[in-house]
Amino acid sequence: MKSTSYSEKTLDHFRNPRNVGTLEGPDVAVGKVGNPVCGDLMYVYIRVRDDRIADIKFQTFGCGSAIATSSMTTELVKGMTLDEAMKVTRNDVADALEGLPPIKMHCSNLAADALHDAIKAWREGRRGEAPDLPEISKLRPPCGISVTDQPAIQGADELLGKGVYRSVEDPKVFVDKRVLVVDRGKPSVDVALELTKHTGRVVFMSSNKAPSSKDDPRTPLKRSDVKVIYEAEPIAVLGDGEVEKVRVHDLNENEEYELFVDALVILE
Amino acid sequence: MPAQVYLDYQSSKPVDPRVVHAMRPWFTERPGNPSSLHLDGDEATDALERSREKVAQFIGANKDEIIFTSGATESNNLAIIGYAIRNRKRGDHIVIAESEHISIHNIAKALEKQGFKVSKVGVNLYGQVSVEKLHKKITNATILVSIGWASSEIGTVQPMQEIGDALQGRGIALHTDAVAAEGLVPIDVSKVPIDLLTLSSNDIYGPKGLGALYIRRKVNIVPIMPGGGQERGLRSGTENMPAIVGMAAAADIMASEMPAEVLRLANHRDRLIEGVLSQIPKCHLNGHPTERLPNNAHFRFEAIEGESLLLSLKDKGIAVSTGSACSSKTLEPSHTLLSCGLLHEEAHGSLEFTFGRWSKPEDVDRVLEVLPGIVERLRSLSPLYEKEANS
């Protein structure tokens, strides 16, 4: 079966998703599941009255089945008691959609998980909060705090001068290179912005959360050609005689992945 | 010819009706096997050798340097594995580009299981290999380098002349999978020092199930499939005469029409790239801005997922491809996109448009008419985009 062999019902929910949007207020709880790295991210918002789901909305970044299962899940549980909603399984969602391609079954899992996460948040008293407060980020230093105590990046010393830079003297050596600039406060932001004049691929990586204030030195990156990754840090530089890739720790998801780069800028 | 707005020529091409016409007698009226000694056999032998001549001419090769195979995958296997095994005494190291299509990575993996060592040379942000980086990967044990002439996915064309010149005289063979480039970029092995070159019939509007391998004189390989010894013993099996005649006809047509066709395709491509980048915010071109196939436009759209885009375009009768994991068999995003330094989430949001012989200006109009709305709708569902707009 092809990964896109969707039932008519699934296609209908993809084309006309029900209950898209957000909810706000003291009687609202939010559930989140997924990770853009894997290609899907869902938020489910529930408004609870008398222990029932009075209203429900969702936002989803993902493939056709991720969108359709989000939509179907919200349809299924609207009006249910929280106990009933907790019992809704991925199979219930897939059945209601008249089946999903086997490789996409995990998508139906995500929608049910996001719902259950929202119910859990409600029951734990996390109500009326903005979404996206992953536990780990609370452990990170807030924006703007001293960044001198950065953990060492494995392999960086060995490849110093072979793709690892401690300073940027001549930006022209970065022409057409895939460059990763590690957050070291304002000087590193300036370097990242400058390098976009010389190459089309500048990634800025920060272990902090995305800035919320206009005064944060990282805010100007938003309107630039720099690709910014927050809540992630390089843990190792890999390469055979020169930098080839960087192993990255996604702090939000506590996962690791590799990024192909030619140069890594870690200002002193 | 295709009924819908078909912008997925890199995945599969229709066979040119003129090619079908040339093939037709070989299904019914001409039963001959080139190995047979009767008149029908002689007729088939003549047609086989004439076809070989035409395919050779198409890439500036000699007739005796071409053998027919069942397609590009077989040609790649025969070239890389056949060469590596034949030349193992001289060394056990091969180099491929990190940006190669997964099929080349898998052939390299098969060789690793047989004890060969494989190095992967990195590419720049456009997916291009540099001679400088290639040099650093070469060791005394290197016997073969395999780098695709162009990427069928992001459309980036490799500097093959430079790469070939750099390797010449060093006892290292150069193989290139040219299927994405053939018919779109001039290929002339009398000028570019390439030792082994993979061709596919369908990529020049010939029938599927046929390919060819160019093997430069004095370059030795061993067969990977024992049998009756056809094709100089390198590729056994009774010759697929209708397809061989078809590929030769396709090469003939392509040779005469290519200059005008390339200009026409580049015009479609440039209109699409300009239109998409100017009408849709937070959207980027993948691959090289200028050194790219004339028929290829490859984009990534922030905060949306490629399969959703593909399905939405499908609903509007437009056929495209995506490098998104959700559309693949393995749920892994395209390795080619990752090799250019893209993050998984960026690879997921990619969309590929490829034009071909029957593409019309209206196809571009149609995409530009519907795509901005589709992107806007999917972004309205996406938590990633809203967050960006608000903060």
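What share of the contacts in chain B with a separation of 6 or more is accounted for by residues 24 or more positions apart? In this predicted model, the share is 72%. Two residues are in contact if their C-beta atoms, placed from the backbone, lie within 7 Å.

The model is predicted, so local features need pLDDT of at least 70 and side-chain atom pairs pLDDT 80 or more, while totals for chains, interfaces and linings use all residues. Residues are numbered from 1 along each chain as its sequence is written, and chains are lettered from A and ligands numbered from 1 in the order in which they are written.

Chain B holds twelve helices and twelve strands; these are DSSP runs, with helices H or I of at least four residues and strands E of at least two, numbered from the N terminus. The C-alpha trace of chain B spans about 75 × 55 × 35 Å along its principal axes. Of its 391 residues, 54% are buried, that is, 20 or more other C-beta atoms lie within 10 Å of their own C-beta atom.

Chain B also touches chain A. The contact takes 36 residues from chain A and 32 from chain B. On the chain B side, α8(B) gives the largest share, four residues. That side has 13 nonpolar, eleven polar and eight charged residues. Nonpolar means Ala, Val, Leu, Ile, Met, Phe, Trp, Tyr, Cys and Pro; charged means Asp, Glu, Lys and Arg; the others, Gly among them, are polar.

Within chain A, α2(A) and α5(A) meet. Residues from α2(A) including A:S65 and A:V77 meet residues from α5(A) including A:C107 and A:L115. The residues of this contact are seven nonpolar, five polar and no charged.

Definitions and conventions
Buried ≥ 20, exposed ≤ 12 C-beta atoms within 10 Å, placed from the backbone.
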